[in-house]
Every structure is written in C-alpha cells, then in structure tokens.
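Good morning, and thank you for coming. Please keep the picture in view while I speak.

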Amino acid sequence: MRFDGKRILITGASRGIGRALALQLAAEGAEVLALARGSKALDDLPEGIERLACDLTDSRARTALIAGLQGQRLDGVINNAGIQITADFANGTADAQDIEQELAVNLTAPMHLAAGLLPVLACSPGSFLVNVTSGLALAPKRQAPVYCASKAGLRSFTRALRYQAEDAGLRVRIIDCVMVLAATQMTAGRGRGKISPNAAAALLDGAAAGKSEIWVGQMKLLRLIHRLSPALAARILRG
Ligand SMILES: NC(=O)c1ccc[n+]([C@@H]2O[C@H](COP(=O)([O-])OP(=O)(O)OC[C@H]3O[C@@H](n4cnc5c(N)ncnc54)[C@H](OP(=O)(O)O)[C@@H]3O)[C@@H](O)[C@H]2O)c1
C-alpha cells in the first residue's frame, strides 16, 4: 500500500474532495490528520482519523496549528481547503470581507502552512506537499474573479516553492494538483459534467508516482488546449 504508515495532514477534509481523499488515505493505511473548521461533518469521519478543528482564515489559529505539529513526524500535507464566492465587481456588490476570507483560505493559508511545515516535512524523506488548484488558475471565469486569482496565485506560488525546495536540496516534493470539476458543495448549482469527488483519488496516484503536476481527468485536455491556444482555453473557461 502506497501510503501505509504515512502521516498526512489534509485540509478541508470534512466534505467533498478532501473527505474523499481522507477516506482513501485511511483505507490505504495512512495516519490521517483531517482539518476543517469543526463541524458535525468533521466529527462524522470514521474512527481512526484524527480531527483537527482550525479556521484557516484565522492567522493565530494557523500559527497554533503549525506550532502543534513541530517536532512531530509528517509525511505529507495536502492544502485542499477552498471556498468560492461569486462576486460582481461591475455592479458594485463585491464585498471586502468576502475577498479577504477567500484569499485567506485559498492562498494565505497554504502559504502559511508551507512556511511553517516545510521544515517538518523535510525531516521525513520522500515527503510531499500538495496544493490543490484548478483549471481556473490557467484562465478565469467571469463569475468568481477572486477565486480565480487565488488559484492562479497558488499555482505560481507552488512552482516558486518547488524551485526553492529543489535548490535547497530538500527531499520534499512540491506538487500542484489541477483539480477537475467535481460534484461537491462548492459547485452545487454551478457547472455541467461534474464527476464524483472520488475521482480526486487521482491526486494520490500522482503523488505516489512522483509527479510534480497532477492534472485530474479532463484537466489533461484543458492543459493541451491551453498549450495550443491560450485564447481558446480562455474562451472555454470564461463562463
Ligand atoms: N469541486 C470542484 O469542482 C473543484 C474544482 C477545482 C478545484 N477545486 C478545489 O478543490 C478543493 C476542495 O473543493 P471541494 O469542492 O471539495 O469544496 P467543498 O466541498 O466546499 O469543501 C471545502 C472544504 O474546505 C473546508 N473549509 C472551508 N472554509 C474553511 C476554513 N475557513 N477553515 C478550514 N477549512 C475550511 C470545508 O470545511 P468546513 O466548512 O467544515 O470548515 C470543507 O471541508 C478546493 O481547494 C477547491 O478550490 C474544486
């Protein structure tokens, strides 16, 4: 089993893609640390999965989480938690608090966790850090400008972090997982052709195979289209 005995932190594990990943990892014998804000959904995860209640918009809570993990063994971190808020800047209804919250969960938190946990991961040979991005990191959709900006920023951050880890000789793989459209609470009432969040298990296949970029499902086709014609990819994603 690929993740047997590995100790892996996964954020946003109470539902959707994060939950599917947590269950798959646990089934493979991993020691899973499942993080979300703390809810019945988090409590309802099967026995044996450790629950961590932490609001990732709260920098003090993030600092406490990181402090609590110092000196412990950690073989993987999956920055999966994310939120998407529809915002229309053109009609003046974009909300400053929403913007801050969306950037905090989607971008600041993965950066903060990378800063605090990369040294911990570096103590476990063969460890990895995955940031979950989106096809919308390549080109935005009209309805969610902040979400798209956060995912584009996270993709860029992930690549720069990989350069730093490589140049420093850290034995931590830094992975960008470009996630496919999946039927979760985030996408309720949005999008077509959604697949089961269980398809996100491709993230684990990619991590086990040593990939630094994982394109899940149809995202492989999007990558090809974007390579051939960024303008066409932008038209497809625009919404
Ligand atoms: N679904 C898709 O089609 C799709 C496509 C591309 C990329 N993605 C990305 O995949 C990831 C997972 O998305 P999903 O669709 O599974 O979303 P989801 O079903 O809405 O789940 C989001 C998770 O993030 C957690 N979360 C939200 N705010 C948080 C906070 N302040 N602090 C801690 N945890 C918080 C939620 O837990 P609580 O609410 O219990 O705290 C929940 O576990 C996200 O990064 C998303 O951007 C999704």
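This is a predicted model: local features need pLDDT of at least 70, side-chain atom pairs count only at pLDDT 80 or more; totals for chains, interfaces and linings use all residues.

I begin with I49, which touches A22, A26, V32 and A34 when residues up to four places away in sequence are not counted. Two residues are in contact if their C-beta atoms, placed from the backbone, lie within 7 Å. Residues are numbered from 1 along each chain as its sequence is written.

Where does I49 lie? I49 is found in the loop between α2 and β3 (50-53). Helices (H or I, at least four residues) and strands (E, at least two) are DSSP runs, numbered from the N terminus. I49 has 19 other C-beta atoms within 10 Å and is therefore partly exposed. For that term, a residue is buried if 20 or more other C-beta atoms lie within 10 Å of its own, exposed if 12 or fewer, and partly exposed in between, with C-beta atoms placed from the backbone. Between the C-alpha atoms of I49 and R192, which are 143 residues apart along the chain, the separation is 32 Å.

Let us turn to the core. A nonpolar core is a set of buried Ala, Val, Leu, Ile, Met, Phe, Trp, Tyr and Cys residues joined through C-beta atoms within 7 Å. The largest one here has 64 residues, and I10, L21, A34 and V216 touch the most other members. Helix α4 (residues 96-122) gives the most to this core, namely 8 residues. Beyond its neighbours within four places in sequence, I10 is in contact with G18, L21, A22, V32, A34, L35, I78 and N80. In soluble globular proteins, nonpolar side chains tend to be buried together.

How do α4 and α5 lie relative to each other? The axes of α4 and helix α5 (residues 145-167) cross at roughly 10 degrees and come within 9 Å. Axes are lines fitted to C-alpha atoms, for helices over the stretch in contact, and angles run from 0 to 180 degrees between N-to-C directions. The two helices, α4 and α5, are therefore roughly parallel to each other. Angles under 35 degrees count as roughly parallel, over 145 as roughly antiparallel, 65 to 115 as roughly perpendicular and the rest as oblique. Among the residues in this contact are L103 and L107 of α4, and L154 and F157 of α5.

Is α8 covered or in the open? The number of buried residues among its 9 is 0, so α8 lies largely in the open. After α8 comes G239, with a positive phi near 80 degrees. G239 counts as exposed because there are 12 C-beta neighbours inside 10 Å. Leaving out residues up to four places away in sequence, G239 touches K141, R142 and Q143. G239 and P140 are 99 residues apart in sequence, and their C-alpha atoms are 8.6 Å apart in space.

I close with the ligand. Its shell contains 31 residues, the closest being G12, G16, R37, G82 and T184. The largest share, 3 residues, comes from α1.

Notes: A residue is near a molecule or strand if its C-beta atom, placed from the backbone, lies within 6 Å of it.
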